[in-house]
Amino acid sequence: MTMRNSFLPFCMTILFGLPLCAQQAGTVPAANDQNAAMEQHIRDLEDRIIALEGQVRMLKSSATAAPAAEAAAASAAPSAAPPAPAPAEALASQATGTQAQVYGGAGGSAAKALNPDISVIGDFIGAVGGNSPPPLATLQPFPSLQMHESEIGLQAIIDPYSRGDFFISFGEEGVNLEEGYITFTALPASFVGKVGKMRSAFGKVNMMHNHVLPWIDRPLVTTNLVGGEDGIDDAGVSIERILPAPKGIFLEATGQLFRGDSGDVFKAFQKNDVSTVDHLRAYKDITESTNLDLGLSYSRGNNDFGPNFITNLYGVDATLRWKPLRRSIYHSFVARSEFVWSQRQQLPVEQRGFGYYASADYQLGRRWFLGGRYDSSDRSRYANLTDKGGSLVLTYWPSEFAQIRGQYEFTKYAEGLNSNQLLMQVIFSLGAHGAHPF
Amino acid sequence: MTSMRTNPGFVVALAITLALVGIFLPAPAQAKKLNIVTATTDMAALTQEVGGDKVSVESIAKGYQDPHFVEAKPSFLLKLRQADLLVVVGLQLEIGWLPPLITQSGNPRIQVGANGYLDASQFAEILDIPTGTVTRAMGDVHPLGNPHYWLDPDNGRRIAKGIAGKLGELDPEDAGYFQQRYQDFDKRLAAAEQKWDADMKPYRGRKVVTYHNSFPNFAKHYGLNVIGYVEPRPGIPPTPSHTIELIGLMKRENCKVILVEPYFDLKTPNSIARDTGGTVVQYLPSVGGQKDVTDYFKLFDYDIGLLMKALQ
Ligand SMILES: [Zn+2]
């Protein structure tokens with residue numbers, strides 16, 4: 001800051017001073033050449049000022065993302081403000097191309113440069129109707145009014161080799177570290193690694209935070225077979241890599257190892273009751289506006305029936321997206337389906353359940369989305385009991401940072417009980433501009 | 001570690017992954033060309049100018065696409081993972097889609113702060129840098145300054161120079177070639193600029209309205225006066241009250257030209273044009289916005305041609 005303050009007036013003096021000289025020079029006869037030279041000179045100076053301004057901007061924002069390799073050691077010592085030693089040297093090192101730009105900050109001032117990007121997302125839900133569910137049902141109705149979740153996101157680039165992401169959610173029952181992990185972005189052989197607590201890569205919905213779902217609640221199959229709202233969300237390590245594939249096809253494999261404690265899906269009774277998730281994703285652009293995204297998932301872990309009782313989960317997901325590039329902010333369509341097979345070892349007999357959902361969302365205009373979802377799922381503990389349901393969803397976005405959603409939901413419980421529910425949701429986000437999920 | 005033995009799934013998956021990696025690990029030594037990915041077509045065009053046949057360049061966003069809202073498609077990862085250099089517009093233009101792509105690319109060369117990451121905004125003259133506090137009440141404002149800076153030929157020259165320097169740094173053997181290409185570009189641009197300056201000279205001081213605030217550098221360079229925007233705030237779609245205000249303003253100021261980026265709906269601009277007796281001009285903010293606008297020169301040829309017609 002101080003640099004910029006003292007530096008700009010100096011540049012201004014030069015800029016405004018020179019034209020005066022130029023005019024005086026112009027009174028001398030046959031000074032046209034000189035004039036042209038002077039003009040060129042001014043232009044050169046202007047270019048230099050703009051270049052310096054750019055370097056000052058880069059310096060101000062480079063405090064967090066330390067310059068790469070060779071400069072990393074020098075800047076290792078944390079300091080509260082961008083270092084302002086011999087500016088010439090600093091600028092020179094910037095000029096050699098070790099510049100850095102930090103994404104995600106809403107502020108961009110030097111004082112904030114070392115802080116992570118902070119965002120807060122509020123998720124308020126209101127509900128009317130809905131019968132009390134049968135005793136064995138996993139699906140529970142929403143309370144009348146609820147500050148469902150307040151999620152705080154803290155994200156930053158740690159160094160040129162890694163970034164950190166924290167999502168802490170404050171729900172009605174308390175605080176929960178939804179995710180908190182480091183991503184290693186510079187591993188050899190194009191591997192990307194993560195260590196920490198994270199939503200696992202089992203299917204699509206399991207990876208999504210509540211506020212990016214196209215619905216207010218999660219599909220029945222998630223609730224019944226994949227652990228409900230938090231899903232498979234556990235501490236562990238993850239490694240992924242893009243695999244070689246025929247041209248135009250994106251193929252990616254993910255392998256994850258977790259402690260083995262995830263909601264009501266997995267429970268670790270001893271240290272080696274770890275759980276695993278493997279995911280294979282294939283993606284292809286069909287045209288520039290249409291693409292197909294397919295996934296296979298497998299997960300295995302000890303369940304809460306007791307030690308040595310295993311649950312195996314198999315998943316298939318398919319997503320078809322359409323978004324015309326010239327009108328991308330006005331119209332889009334997403335159809336998605338996930339199928340899950342669950343094998344749960346328990347006494348007296350292993351339970352083999354199956355469930356799926358199929359959904360479609362159409363963007364009517366810049367601010368309006370209309371969607372529907374069909375649900376059907378067995379319950380993991382009572383695989384002969386199948387719940388079914390359907391939802392109609394209308395979403396309005398007043399701006400990119402707020403959304404209002406209404407959802408009518410019909411549920412037919414396996415026991416024969418029907419339930420009609422009307423849900424209302426307001427989501428609002430503060431702070432850093434996050435990336436849009438894909 | 002013994003725990004893994006009890007759980008074969010992970011081991012199997014890892015083994016398969018590693019095997020595939022081993023089998024298919026590509027042999028990269030083809031003809032030496034720098035592999036460059038840019039966020040937008042304009043950066044691609046400028047990179048191509050100075051890179052010549054020593055580079056292969058591809059842009060993520062298309063020229064007719066809103067650069068604020070590009071989808072982070074995995075297919076882009078296929079390009080990014082091979083890239084030696086990623087050129088971004090910066091100033092948070094790509095904040096909604098590029099960061100996850102960079103993270104997932106598995107490419108250490110192009111990570112933010114690494115040597116193969118180039119933020120082109122550092123070379124350009126940046127306008128609209130907010131002084132004072134920035135809040136979202138101002139809309140989706142760009143808090144670091146206006147990122148639509150490439151529509152000023154002087155900035156184009158500065159960016160090209162910066163890119164040439166970076167290319168030379170990544171490929172020192174061809175540094176001279178890139179400088180030569182830059183000098184050549186500079187000359188051709190200077191010649192083109194003489195014509196553009198002459199074309200636009202009669203219209204200095206003329207008033208225009210744009211849909212989004214993506215025109216300030218062009219306006220400054222050619223002395224046009226942008227008196228308002230169809231958007232009430234950046235990123236906020238038109239509202240009736242703002243539209244009425246804008247129509248009043250245009251009538252008072254005798255402003256007849258509404259410039260609209262190709263990715264915005266024309267309904268509101270058209271109705272403004274009807275009420276003010278003005279014309280809607282679908283100008284191109286980026287190279288590739290139309291099929292025949294294939295480079296940086298044609299972009300200005302196209303836009304200046306449109307403006308001359310509209311401002312006559
Ligand atoms: Zn913008």
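**Aromatic contacts and a surface patch**

B:F185 has a relative accessibility of 0% and therefore counts as buried. The model is a predicted one, and a search of the whole structure finds 24 aromatic pairs over all chains.

Aromatic pair in chain A
- The rings of A:Y283 and A:F438 form an edge-to-face pair, because their planes stand at 65 degrees, with the centres 6.1 Å apart.
- This pair ties together parts that are 155 residues apart in sequence, since A:Y283 lies in strand β8 (residues 275-285) and A:F438 in the segment after β16 (418-431) of chain A.
- A:Y283 is buried at 1% relative accessibility, whereas A:F438, with a relative accessible area of 25%, is partly exposed.

Aromatic pair and cluster in chain B
- B:F185 and B:F297 are also edge-to-face, because their ring planes are at 70 degrees, and their centres lie 5.6 Å apart.
- Helix α6 (residues 175-200) holds B:F185 and helix α10 (residues 296-311) holds B:F297, so that the pair links distant parts of chain B, 112 residues apart.
- B:F297 counts as buried, at 11% relative accessibility.
- Both residues belong to one aromatic cluster, whose members include B:W196, B:F215 and B:Y222.

Charges over rings
- The charged end of A:R321 sits over the ring of A:F438, 3.8 Å from the ring centre.
- A:R373 lies over the face of A:W215, at 4.9 Å from the centre of that ring.

Nonpolar surface patch
- A:W322, A:Y362, A:L364, A:W368, A:L370 and A:L394 make up a nonpolar patch on the surface, and together they have about 520 Å² of accessible area.
- A:W322, located in strand β10 (residues 310-322) of chain A, is partly exposed at 32% relative accessibility.

How values were computed
Residues numbered from 1 in each chain as written. Chains lettered and ligands numbered in written order. Predicted model: local features only at pLDDT ≥ 70, side-chain atom pairs only at ≥ 80, totals over all residues. Heavy atoms only, no water. Patch = residues over 30% accessible without salt bridge, like charges linked within 9 Å, V, L, I, M, F, W, Y side chains within 5 Å. Areas by Shrake-Rupley, 256 points an atom, 1.4 Å probe, with all protein chains shown as cover. Salt bridge = Lys/Arg side-chain N within 4 Å of Asp/Glu carboxyl O. Helix = DSSP H or I, 4+ residues; strand = E, 2+ residues; numbered from the N terminus. Buried < 20%, exposed > 50% of the residue type's maximum accessible area, 1.4 Å probe, protein only. Phe/Tyr/Trp six-rings, centres within 6.5 Å; stacked < 30°, edge-to-face > 60°. Lys NZ or Arg CZ within 6 Å of the ring centre and 35° of its normal.
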